[in-house]
4 protein chains.
Amino acid sequence: MSSTFGKAIKVTLFGESHGECVGACIEGLAPGLKVDMDYMKAELAKRSARGSISTQRREADEPQIVSGILNGYTEGTPLTILIKNSSADRSAYAAMDHIARPSHADFTAQAKYLGFQDAAGGGHFSGRLTAPLVAVCSIVRRALEEKDIFIGTHINRLHDISDRAFAKDPAADIKALSAEYFPVLDPEAAQRMKSAIEKAGAAGDSLGGVLETAVTGLDAGIGEPWFDSVESELAHALFSIPAVKGVEFGAGFAITELLGSQANDPFGIKDGRIVTLTNNSGGINGGITNGMPVVFRTAVKPTASIAAKQQTVDFIKGETAEIQIAGRHDPAIVHRARAVVDSLTALVIADLYARRYGYMWLRG
Amino acid sequence: MSSTFGKAIKVTLFGESHGECVGACIEGLAPGLKVDMDYMKAELAKRSARGSISTQRREADEPQIVSGILNGYTEGTPLTILIKNSSADRSAYAAMDHIARPSHADFTAQAKYLGFQDAAGGGHFSGRLTAPLVAVCSIVRRALEEKDIFIGTHINRLHDISDRAFAKDPAADIKALSAEYFPVLDPEAAQRMKSAIEKAGAAGDSLGGVLETAVTGLDAGIGEPWFDSVESELAHALFSIPAVKGVEFGAGFAITELLGSQANDPFGIKDGRIVTLTNNSGGINGGITNGMPVVFRTAVKPTASIAAKQQTVDFIKGETAEIQIAGRHDPAIVHRARAVVDSLTALVIADLYARRYGYMWLRG
Amino acid sequence: MSSTFGKAIKVTLFGESHGECVGACIEGLAPGLKVDMDYMKAELAKRSARGSISTQRREADEPQIVSGILNGYTEGTPLTILIKNSSADRSAYAAMDHIARPSHADFTAQAKYLGFQDAAGGGHFSGRLTAPLVAVCSIVRRALEEKDIFIGTHINRLHDISDRAFAKDPAADIKALSAEYFPVLDPEAAQRMKSAIEKAGAAGDSLGGVLETAVTGLDAGIGEPWFDSVESELAHALFSIPAVKGVEFGAGFAITELLGSQANDPFGIKDGRIVTLTNNSGGINGGITNGMPVVFRTAVKPTASIAAKQQTVDFIKGETAEIQIAGRHDPAIVHRARAVVDSLTALVIADLYARRYGYMWLRG
Amino acid sequence: MSSTFGKAIKVTLFGESHGECVGACIEGLAPGLKVDMDYMKAELAKRSARGSISTQRREADEPQIVSGILNGYTEGTPLTILIKNSSADRSAYAAMDHIARPSHADFTAQAKYLGFQDAAGGGHFSGRLTAPLVAVCSIVRRALEEKDIFIGTHINRLHDISDRAFAKDPAADIKALSAEYFPVLDPEAAQRMKSAIEKAGAAGDSLGGVLETAVTGLDAGIGEPWFDSVESELAHALFSIPAVKGVEFGAGFAITELLGSQANDPFGIKDGRIVTLTNNSGGINGGITNGMPVVFRTAVKPTASIAAKQQTVDFIKGETAEIQIAGRHDPAIVHRARAVVDSLTALVIADLYARRYGYMWLRG
């Protein structure tokens with residue numbers, strides 16, 4: 001029953017959707033890292049619900065740092081951020097406490113917590129816990145950027161609409177994405193995706209998609225063989241995001257349809273540096289970075305909350321039931337999940353560096 | 001630099017491909033588990049190289065248990081298995097010590113270990129380390145079977161050849177697979193896959209594929225929210241297998257092309273038990289088992305060792321080079337990787353149960 | 001830079017003495033444990049400063065549970081408790097920021113945190129962090145009592161004044177101690193100890209002492225050989241308490257002056273149960289409980305804050321200095337440390353049980 | 001059921017006294033550390049049984065490194081050492097399998113492992129497992145010495161015979177101890193101790209004692225507040241050594257009899273460096289090194305194996321019994337335990353550095 005992730009740098013998540021607050025505690029931050037509240041809020045804004053493509057539950061998401069900070073810098077001690085739940089109306093949930101929402105965690109929470117769980121809004125399972133997660137990771141991400149390690153994520157595909165691919169050197173794309181709330185490289189595709197989301201929302205339905213992430217500036221030699229491979233650590237983190245059902249690196253599943261002679265990435269030398277001429281490996285060989293951009297994709301399922309009547313069970317009575325979920329839904333969370341993917345990527349990268357070079361490394 | 005995985009039940013891997021031996025130590029086994037050497041050897045046999053579809057390096061893979069066992073039962077203390085490297089001819093590798101094999105770990109090992117690594121045969125990165133891994137996990141897998149938890153994996157797709165899907169209740173399929181070295185449900189597809197592998201091998205090339213795994217008999221309520229979700233733990237383990245580039249659960253990446261109303265799994269009641277009518281979630285909601293079969297797919301890239309001349313670098317001299325890899329190659333490892341997938345799945349499942357019910361749980 | 005302890009049940013501490021709050025997050029609690037606020041407050045009261053034998057800094061220590069609780073029971077999710085710092089006047093500390101208080105953590109914090117630490121009141125090193133620690137552990141302790149596992153600690157010796165020993169069966173003593181703020185078995189010794197503390201306080205000096213703890217109701221077979229021995233785990237926890245400089249089990253250091261024939265605990269049978277006739281081993285053989293009371297002693301040094309002028313350094317200027325610590329001191333913290341010892345003991349015991357029987361075990 | 005210790009650098013112990021071998025695996029070693037077999041064997045020799053003051057069971061203790069080494073240097077991968085049990089005659093133990101040896105782990109092993117444990121010679125609990133522990137830690141200790149961090153341990157007191165104290169600067173004493181099998185600073189005291197051990201041995205009895213350790217060359221700022229304090233980590237490791245019943249730092253238990261004004265260590269400046277003028281704190285304030293020698297004492301109980309007839313139980317029959325332990329006993333293990341204390345101290349120090357500066361730090 002651990003809600004902690006990381007080894008040299010660790011995050012613990014706590015809180016419930018409709019409890020007093022959600023929060024996160026990060027350990028292993030070096031002392032003297034700048035805590036830039038504007039940067040943090042910009043990260044939270046990317047995760048927030050906005051416009052017609054998101055839920056109408058609007059939370060202020062005001063991060064309150066209650067430990068580990070002094071005069072705008074990390075102290076090096078555990079840093080805890082709380083975010084109050086201001087818009088937590090339990091009444092919408094009370095009536096359906098025992099009626100499992102399909103593909104939500106209501107039934108599994110019951111199986112696990114035996115009736116003691118807070119069912120409202122998904123309780124501890126709520127996507128709201130990603131808000132403090134993004135907040136604490138923003139300190140890490142900012143510190144990585146000072147070391148020229150940059151992370152960017154775009155919507156590779158929304159339902160059946162595709163964005164263009166990252167450029168071979170994704171640096172400029174990453175930069176462009178950093179300012180975007182709706183992270184799509186091709187503006188025309190972005191427009192079509194938004195329309196599709198609005199249309200699905202209007203129909204009381206929801207859409208999923210695939211996020212693609214690139215990380216630049218990594219040294220070769222980061223990560224470990226076997227269990228602490230870069231892929232293992234990143235996938236572990238990414239699959240903790242609610243709604244994620246797949247993760248692939250480099251050419252991913254498609255690499256299985258190539259011949260070895262097509263799939264292998266030949267090495268070459270560019271500007272005096274060893275590079276690979278293709279990047280089917282996604283920047284990782286044997287679990288360890290090879291100095292090329294780390295590239296991966298994350299499958300985000302359509303939001304489970306939809307307006308339509310669904311067949312389900314009352315898990316207390318043990319009988320079938322129907323459910324129609326009232327309240328405020330996200331017709332898609334792909335765009336909002338992007339901030340979480342970026343955040344966890346920053347955490348994993350920094351953690352892997354810190355295992356090799358110590359937690360002081362992040363200080364620069 | 002940890003080579004350990006698991007929390008309540010843990011495995012540590014050690015050894016190098018051309019060193020004295022490879023080995024694994026498993027901690028957290030309950031006392032009194034039967035150590036069935038025939039079962040263990042049958043598992044190892046599934047991982048072994050056989051026939052024309054595998055490398056001609058043939059290792060006896062004789063497991064030697066040097067601790068933690070008495071009279072055929074686990075003692076409850078750390079159990080260590082060694083497997084000697086009998087067929088370890090370093091001479092084939094000496095000449096190309098500094099020439100990175102494309103999409104192998106040679107270059108990244110150099111970046112990480114700074115020249116102190118054992119390069120022969122991939123050293124610590126070698127797939128040979130999966131032999132003791134399979135051996136120690138076989139004890140766990142056997143104990144799970146006594147608790148009616150069964151795991152089965154088939155080749156879902158080899159290059160461009162597909163097997164039929166698991167039956168909705170995969171129990172019979174799992175049983176059938178347990179006896180097969182080449183794990184394919186449709187005999188005709190199996191034949192075509194083998195031919196394709198032989199043909200690729202003859203051409204000095206290699207093929208990849210997708211493994212699909214099902215786990216039956218799981219209780220609802222296993223796993224944790226967030227970082228220790230069933231998906232997170234399984235993906236972490238699976239991505240530690242060399243050559244794995246993708247993992248997806250349930251409908252996986254394809255779920256992103258469904259509407260929420262299509263993707264959601266309605267609940268129903270069958271034989272007095274709560275079930276889902278579809279299984280797009282792969283038996284997992286909110287990171288926790290819902291009592292349906294856990295289903296996932298693992299993408300295994302084509303073997304990186306091929307006979308063709310490839311472009312690469314000499315990473316000591318820092319100049320471009322060509323390489324032609326002599327020696328004994330696997331034209332595909334998908335079928336051999338299956339035993340490793342099964343093994344790690346058993347480890348993760350047992351570990352998640354053990355966190356909830358203690359390491360004594362596995363005892364029955 | 002981890003502030004987390006425990007494996008199956010874990011506590012993370014955060015906060016600074018003069019920051020907004022101090023807090024603790026506990027993971028691995030079973031769902032459905034009663035959270036008895038009266039019990040928690042009674043535990044906190046034992047740790048609080050009272051009367052003339054404690055500091056005049058008086059904190060309300062009002063525990064605020066912000067996650068993991070519903071309707072008075074644990075949910076099974078991470079449970080976080082905050083305690084506000086209401087009496088946090090930084091002004092007393094500002095002047096001496098760079099002047100290391102002898103035997104405090106000022107200088108070592110500087111060496112570690114490079115000037116980014118919060119120096120006021122010891123910052124993250126402050127004994128104030130034991131308040132939320134006691135609060136979260138009180139839930140565990142109460143649950144253990146429902147399983148007939150009881151923990152009691154008395155002041156074995158204060159400076160040069162000794163209490164009587166625990167009775168051979170310490171059950172009644174433990175019960176008597178549970179109601180006492182000043183935990184001494186012999187009332188006359190208690191009186192003399194209090195007088196000594198008052199006298200030391202009046203002289204601007206401080207006293208230390210030895211706490212002795214007994215745990216009853218433990219099964220034989222708890223704990224692990226080697227690194228997770230009961231002694232290792234308890235000592236690890238106890239040495240995390242500021243001011244603790246020694247820990248010994250059973251006969252402790254004095255056992256080294258016995259012959260083996262005197263030190264060994266003969267086994268016998270009492271009421272059909274295997275017992276030892278003496279308890280020099282402190283209830284632990286080979287790191288594992290033998291079913292007898294676990295008994296240990298913890299050395300608590302005299303409070304480092306004293307009124308006298310002391311020789312020290314200005315660690316920024318790098319020159320010698322004198323310091324006279326103004327403010328509110330504890331002339332002794334031995335009695336207050338007792339609640340922390342009890343709390344950590346409960347945590348360790350529950351954690352060791354939970355590794356063997358799972359986190360659900362605590363539920364009963 | 002973990003037999004692993006450490007975070008950035010970790011050791012796992014395995015094996016049984018009368019099984020095939022005992023072994024240890026160390027993870028987190030930087031690549032390129034010299035593996036000096038002479039140094040390792042010298043360390044093992046200090047732990048070995050010699051002369052009339054030790055058991056007559058004489059093991060060759062030939063360390064066999066089976067992974068993680070190439071050309072005399074660490075590779076950076078897990079390094080496993082096996083030591084065969086050459087003198088493992090089970091027959092001496094078979095008759096008394098169910099008769100608990102007092103103050104041994106026989107009964108607790110039964111309670112824990114339910115009859116599946118290897119009882120011969122203590123099985124997994126045997127002090128023999130410290131042989132591979134010393135072997136793997138010798139690599140760490142040697143690397144620390146190249147960084148001018150030196151560790152030395154002497155017998156502070158054997159039964160009732162005291163050695164002289166460490167000099168205030170213990171460097172020369174540490175150096176002198178490094179060559180001694182029987183580590184005592186005062187030659188006359190050494191002679192008296194040996195005579196006392198021989199006499200106890202001749203009487204079929206055993207003696208205990210107190211080891212005192214000093215570590216020089218440490219930077220200020222190593223260790224963590226709270227749970228990963230230097231004291232917590234060292235005590236955790238030390239209490240894993242069989243027979244250890246007490247650990248104290250600096251003035252230890254005696255500090256409780258001092259006034260705060262006597263106990264505090266005033267700071268001063270010497271050769272431009274901040275020092276403390278006394279070292280009652282044992283080089284640690286707030287859990288963190290202050291740059292002074294770290295000093296601690298470890299209480300080692302008299303060997304539990306004695307020749308005299310003892311009262312005990314047959315734990316299978318559940319009835320009282322008598323036992324007279326035949327075979328080869330150590331009349332004292334204090335001198336042999338010293339190598340284990342040194343080894344674990346090296347491991348803990350290196351691990352704490354590695355958390356802060358990474359596992360690459362040990363490389364120099």
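## Strands of chain C

Six bridges pair strand β2 (residues 10-15) of chain C with strand β3 (residues 21-27) of chain C in the antiparallel sense. One position in this pairing can be named: Thr12(C) has Cys25(C) as its bridge partner in β3(C). This description rests on a predicted model. Both strands belong to an open sheet of five strands in chain C, with the order β1-β2-β3-β7-β4 and antiparallel pairing. At the edges of this sheet are β1 (4-5) and β4 (63-67) of chain C, each of which pairs on one side only. Strands of a sheet pair through backbone hydrogen bonds, either parallel or antiparallel.

Further along chain C, strand β8 (residues 150-158) is mostly covered, with eight of its nine residues buried. β8(C) runs antiparallel to strand β10 (residues 209-216) of chain C, and eight bridges join the two. Within that pairing, Gly152(C) has Ala214(C) of β10(C) as its bridge partner. β8(C) also runs antiparallel to strand β9 (residues 161-162) of chain C, here with two bridges. Leu158(C) is bridged to Ile161(C) in β9(C).

## Two hairpins

The hairpin of β8(C) and β9(C) has two residues between the strands, and His159(C) takes a positive phi near 55° there.

In chain D, strand β12 (residues 267-270) and strand β13 (residues 273-276) run antiparallel and are joined by four bridges. Gly268(D) has its bridge partner in β13(D), namely Val275(D). What phi does Asp271(D) take in the hairpin of β12(D) and β13(D)? The value is positive, near 55°, and the hairpin has two residues between the strands.

## Aromatic pairs

Over all chains, the structure holds 38 aromatic pairs. One of them is formed by Phe249(A) and Phe296(A), which are tilted at 50° between the planes and lie 5.6 Å apart, centre to centre. Phe249(A) belongs to strand β11 (residues 244-249) of chain A and Phe296(A) to strand β16 (residues 294-300) of chain A, so the pair ties together parts that are 47 residues apart in sequence. Both Phe249(A) and Phe296(A) are buried.

A second tilted pair is that of Phe107(D) and Phe315(D), at 6.4 Å centre to centre and 50° between the planes. Phe107(D) lies in helix α3 (residues 106-113) of chain D, while Phe315(D) lies in the loop between β17 (310-314) and β18 (319-323) of chain D, so this pair ties together parts that are 208 residues apart in sequence. Phe107(D) has a relative accessible area of 9% and is buried; Phe315(D), at 11%, also counts as buried. In another part of the structure, one aromatic cluster is made up of Phe107(A), Phe315(A) and Phe267(B).

## Lysine over tryptophan

In chain A, Lys147(A) lies over the face of Trp361(A), 4.4 Å from the ring centre. In chain B, Lys147(B) lies over the face of Trp361(B), at 4.4 Å from the ring centre.

## Two buried residues

Thr345(A) is part of helix α9 (residues 334-357) of chain A. Why does Thr345(A) count as buried? Its relative accessible area is 0%, and buried means under 20%. Apart from neighbours within four places in sequence, Thr345(A) is in contact with Ile151(A), Thr213(A), Val215(A), Leu234(A) and Phe296(A). Phe296(A) is the residue that pairs with Phe249(A).

Trp226(B) sits in the loop between β10 (209-216) and α7 (230-238) of chain B. Trp226(B) is buried, with a relative accessible area of 4%. Not counting residues up to four places away in sequence, Trp226(B) touches residues that include Leu13(A), His124(A), Phe125(A), Pro242(A) and Ser232(B). Its C-alpha atom is separated by 33 Å from that of Thr74(B), 152 residues apart along the chain.

## Chains D and A

Eight residues of chain D are in contact with eight residues of chain A. Between them the two chains bury about 810 Å², of which 47% is on carbon and sulfur atoms. On the chain D side, Arg356(D), Tyr359(D) and Met360(D) lose the most area to chain A, together 59% of what that side buries. How many salt bridges are there between chain D and chain A? The count is zero.

Methods
Residues are numbered from 1 along each chain as its sequence is written. Chains are lettered from A and ligands numbered from 1 in the order in which they are written. This is a predicted model: local features need pLDDT of at least 70, side-chain atom pairs count only at pLDDT 80 or more; totals for chains, interfaces and linings use all residues. Side-chain values use heavy atoms; hydrogens and water are left out. Rings of Phe, Tyr and Trp (its six-membered ring) pair if their centres lie within 6.5 Å; planes under 30 degrees apart count as stacked, over 60 as edge-to-face and the rest as tilted. Buried means under 20% relative accessible area, exposed over 50%, partly exposed in between (1.4 Å probe, protein chains only). A charge sits over a ring if NZ of Lys or CZ of Arg is within 6 Å of the ring centre and within 35 degrees of the ring normal. Two strands pair if DSSP finds at least two bridges between them. Contact means heavy atoms within 4.5 Å. Buried area is the accessible area (1.4 Å probe) that two parts lose on being put together, summed over both. A salt bridge is a side-chain nitrogen of Lys or Arg within 4 Å of a carboxyl oxygen of Asp or Glu.
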